[in-house]
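Please read these notes alongside the model.

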Amino acid sequence: YRLSLYANTAQGIWKRIKIVESAKPISGERYAYPYLIRDSEGMIHLFYTWNRKGIRHVSFSPSWIEEKIK
């Protein structure tokens, strides 16, 4: 199973820019309920349920995302 971050390029193509989590199906790990927001300073925050036991948080800067889209 994978939880990936995708972005839409200027050409209208969705491009995977980061694999956030990855697990083998037999491991039993699961990722659910992703929630993506941008804060007042422009940072992008991803929150998601990890393995039905907790919530994880990952943040990305807009400049990092723009660089990955190129």
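The points below go from the basis of the values to single elements and residues.

1. This is a predicted model, in which local features need pLDDT of at least 70, side-chain atom pairs count only at pLDDT 80 or more, and totals for chains, interfaces and linings use all residues. Residues are numbered from 1 along each chain as its sequence is written, and side-chain values use heavy atoms, with hydrogens and water left out.

2. Strand 4 (residues 44-50) runs antiparallel to strand 3, joined by six bridges; strands are DSSP runs (E, at least two residues) and helices are runs of H or I of at least four, numbered from the N terminus. Two strands pair if DSSP finds at least two bridges between them. Arg38 has Ile44 of strand 4 as its bridge partner. Five residues lie between the strands of this hairpin, and Gly42 takes a positive phi near 95 degrees.

3. Strand 4 is also joined to strand 5 (residues 54-60), by seven bridges and again antiparallel. The partner of Tyr48 in strand 5 is Arg56. Three residues separate the two strands of this hairpin, with Asn51 in the turn at a positive phi of about 55 degrees.

4. The largest nonpolar core has 13 residues, and among those with the most contacts inside it are Leu46, Tyr48, Phe60 and Ile65. Strand 1, strand 2 (14-22), strand 4 and helix 1 each give two or more residues to this core. Such a core is a set of buried Ala, Val, Leu, Ile, Met, Phe, Trp, Tyr and Cys residues joined through side-chain atoms within 4.5 Å. Buried means under 20% relative accessible area, exposed over 50% and partly exposed in between (1.4 Å probe, protein chains only). Beyond its neighbours within four places in sequence, Ile65 is in contact (heavy atoms within 4.5 Å) with Ile17, Ile44 and Phe60.

5. The largest pocket holds about 210 Å³ of space. A pocket is an open set of points on a 1 Å grid over the protein atoms alone, where a 1.4 Å probe fits, with protein on both sides within 12 Å along at least five of seven lines; lining residues have an atom within 4 Å of a point. The volume is the space filled by probe spheres set on the points, which are joined across faces, edges and corners. Its lining includes Arg38, Ile44 and Ile65. Helix 1 gives the most to the lining, four residues.

6. Ser22 lies in strand 2 and is partly exposed, at 48% relative accessible area. Leaving aside neighbours within four places in sequence, Ser22 is in contact with Tyr1, Arg2 and Tyr31.
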